[in-house]
Amino acid sequence: MYVLDIGTILFGKISLNDFFINMIGAAIIPTIAILLVKFRFIYTIDKVIMGSIMLLVPGLPLTNAIRDILDGELLSGAMKIEEVLLIGIAVTIGMCFVLNLYIRYGGV
């Protein structure tokens, strides 16, 4: 999804924190899905959101964290797991904010 890449690059240039960049990037995904439903390009938003959110899932950092822990580098592994959890929290907050507004005021 090129819009997500462009959005995260633009917000990265204004030197926002990575937490907020992930949160804004995660808010872009359901916004676009909702617009696609409103203009009748798609009929459900669930598959679009599930497919697009996979771009923000921190799979490689989680794998590296587990590898560090298994290698005996407990502090490094714990710090990387904390980073993965913070990325997950940021993505969840961004998605839930937009979907909550959609459910309350516009959509379902």
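Me: How many of the residues in the protein chain are buried, and what makes a residue buried?
Reply: Buried residues are 29% of the 108 in the protein chain. The word means under 20% relative accessible area, while exposed means over 50% and partly exposed is in between (1.4 Å probe, protein chains only). By the way, this is a predicted model, where local features need pLDDT of at least 70 and side-chain atom pairs count only at pLDDT 80 or more, but totals for chains, interfaces and linings use all residues. Residues are numbered from 1 along each chain as its sequence is written, and side-chain values use heavy atoms, leaving out hydrogens and water.

Me: Why is Asn22 called buried?
Reply: Its relative accessibility is 17%, and the cut-off is under 20%, so Asn22 counts as buried. Leaving aside neighbours within four places in sequence, Asn22 is in contact (heavy atoms within 4.5 Å) with Leu56, Ile87, Ala90 and Val91.

Me: Why is Ile69 called partly exposed?
Reply: Ile69 has a relative accessible area of 31%. That falls between the 20% and 50% limits, so Ile69 is partly exposed. Not counting residues up to four places away in sequence, Ile69 touches Leu74, Gly77, Ala78 and Ile81.

Me: Which helices hold Asn22 and Ile69, and what makes a stretch a helix?
Reply: Asn22 lies in helix α2, residues 18–38, and Ile69 lies in helix α4, residues 59–70. A helix is a DSSP run of H or I with at least four residues, a strand is a run of E with at least two, and both are numbered from the N terminus. The protein chain has five helices and zero strands.
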